[in-house]
Amino acid sequence: MAAATQALLSLFAASLPTKHRPLTIRASATTNPPIADRKLRAAVIGAGPAGSSAAEALAAGGVETFLFERSGPSVAKPCGGAIPLCMLDEFDIPRHLIDRHVTRMRIFSPSNLAVDFGKTLRPDEFIAMLRREVLDSFLRSRAQSRGADLISALVTDLEVPTSNNAPYVVRYISNNSQKALAVDVVIGADGANSRVAKSIKAGGYACAIAFQERIKLTDDKMEYYEDLAEMYVGNDVSPDFYAWVFPKCDHVAVGTGTVCSKQDIKVFQRAIRARANSKISGGKVIKVEAHPIPEHPRPTRVRGRVALVGDAAGYVTKCSGEGIYFAAKSGRLCGQAIVKASEGGQRMINEGDLRREYLKEWDAKYITTFRFLDLLQKVFYGSDAAREALVELCGDEYVQRMTFESYLYKRLADGNRWEDAKMVCNTIGSLMRCNILGKKMESLKL
């Protein structure tokens with residue numbers, strides 16, 4: 001839903017009050033002590049897009065890097081698998097990894113009003129659909145090729161030092177043996193249930209649960225999803241999120257998510273299967289997946305010489321649930337920050353370095369986007385009437401152009417002031433009209 005819910009971001013981001021703008025973190029550069037006879041040693045816990053991107057940046061920059069992955073190369077986190085166009089070039093993702101080039105997104109309202117989203121895409125523009133196991137394996141292998149040491153293990157504990165320059169100790173189980181590794185800096189990229197975050201007392205956050213089934217369809221039914229992704233909104237499929245049917249290489253991913261009614265996730269899953277039944281009936285479920293999705297950044301993302309990235313930091317956007325790009329971006333930014341602060345692994349770093357070079361840069365680029373999408377979720381996902389208004393707005397070509405510019409390239413689109421003003425009026429009008437209609441329908445039920 002990322003491409004359907006960022007439509008108003010370009011228009012309203014600049015008007016956010018000061019309290020919603022990125023915080024300025026002042027930290028002066030310090031002269032860190034040099035490290036004798038070795039390079040800075042970093043442990044990256046978790047080898048998804050965030051961890052692998054961090055490890056690649058660290059190793060390429062001269063830092064001795066250990067990349068821990070619990071599940072091994074053949075297992076990946078369940079995920080819708082959509083990534084923006086800019087990520088392909090920015091992270092040098094080979095085109096052969098892409099399962100589907102989505103150029104049409106069909107959005108269904110609670111009343112099953114369908115709107116095709118994608119009329120304004122240029123011939124060379126699309127949303128890439130990948131399988132996470134394929135993407136993760138590629139990024140992990142590339143980090144290894146840059147010099148990262150991959151350790152397949154279960155990390156059981158992170159011992160935090162009591163003095164400034166003492167090492168962190170990563171305790172883990174590998175090949176049924178308990179082992180330990182002393183390092184200077186740690187990057188936690190170990191997901192929403194991050195053990196690293198718990199070790200540094202980073203604080204909790206609300207999590208949604210996403211539930212997904214991979215369903216293998218016949219060739220004629222897969223042809224319908226050749227370049228099409230579907231999204232469904234409504235209280236029946238989720239009271240506070242959305243449901244989806246995303247095409248993969250030879251199957252579709254059908255799923256939903258929720259924060260406030262996790263106990264009913266299977267009820268919502270049955271509902272999305274019912275609404276998409278005419279297109280997926282007869283399909284064979286080949287895999288069932290579920291995972292937590294963080295709802296906002298953690299209260300603490302840097303403490304001492306430990307930094308959190310990706311889901312561990314809470315970098316998943318509200319309203320859309322988009323996380324792959326922000327995971328990889330945060331991992332790379334954090335890795336580059338450590339390389340810069342340590343002068344290529346030659347000096348020790350400290351908390352001030354991580355706050356200045358990583359956290360301040362991240363917040364300046366993205367925190368307003370996260371907060372604004374939180375606002376959009378409150379506006380458009382609060383009732384079926386608001387969801388009807390959202391889908392109605394998505395039929396506007398100007399909204400579509402602004403949306404895809406913002407989503408595909410991760411930048412604020414240059415809008416037209418007159419069109420922006422019309423979009424505000426249309427938004428208010430749609431919300432009012434759908435709210436009135438919703439009340440009338442409720443009264444008829446009574």
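This is a predicted model: local features need pLDDT of at least 70, side-chain atom pairs count only at pLDDT 80 or more; totals for chains, interfaces and linings use all residues.
What does a side-chain oxygen of asparagine 350 reach to at the start of helix 12? Residues are numbered from 1 along each chain as its sequence is written, and side-chain values use heavy atoms, with hydrogens and water left out.

Back to asparagine 350: its side-chain oxygen comes to within 3.0 Å of the backbone nitrogen of glycine 352. Helix 12 covers residues 351-380 and has a kink of about 50° centred on tyrosine 366; the bend at a residue is the angle between axes fitted to the seven residues ending there and the seven starting there. Helices here are DSSP runs of H or I with at least four residues, strands are runs of E with at least two, and both are numbered from the N terminus.

Stay on helix 12 and find glutamate 357. Glutamate 357 is buried, with a relative accessible area of 15% (buried means under 20%, exposed over 50%, partly exposed in between, using a 1.4 Å probe and protein chains only). Its side chain makes a polar contact with the side chain of arginine 356 at 3.0 Å. A polar contact is a pair of N or O atoms within 3.5 Å; within protein, one must be able to donate a hydrogen and the other to accept it, and residues adjacent in sequence count only if both atoms are side-chain atoms. Setting aside neighbours within four places in sequence, glutamate 357 is in contact (heavy atoms within 4.5 Å) with Ala337, Lys340 and Ala341.

Now for the nonpolar interior. A nonpolar core is a set of buried Ala, Val, Leu, Ile, Met, Phe, Trp, Tyr and Cys residues joined through side-chain atoms within 4.5 Å. The largest one has 111 residues, and Phe68, Val170, Ile338 and Tyr358 touch the most other members. Helix 11 (residues 324-341) gives the most to this core, with 11 residues. Domain 1 (34-77 + 132-206 + 298-374) and domain 2 (380-444) both contribute residues, so the core lies between them; the domain bounds come from an automatic or database domain assignment. Apart from this core lies another, of 15 residues, among them Val252, Ala271, Ile272 and Ala276.

Val252 also takes us to strand 16 (residues 252-258), where seven of the seven residues are buried, so the strand is largely enclosed by the rest of the structure. Val252, Val254, Thr256 and Thr258 point one way, while Ala253, Gly255 and Gly257 point the other. Strand 16 runs antiparallel to strand 13 (residues 207-216), joined by seven bridges, with phenylalanine 211 partnering threonine 256. Two strands pair if DSSP finds at least two bridges between them. Strand 15 (residues 238-247) also pairs with strand 16 in the antiparallel sense, over five bridges, and the two form a hairpin with four residues between them.

Elsewhere, an open sheet of six strands runs in the order 8-2-1-12-19-18 with mixed pairing. Its edge strands, strand 8 (149-152) and strand 18 (302-303), each pair on one side only. Within the sheet, strand 12 (residues 185-188) and strand 19 (residues 306-308) pair in the parallel sense over three bridges.
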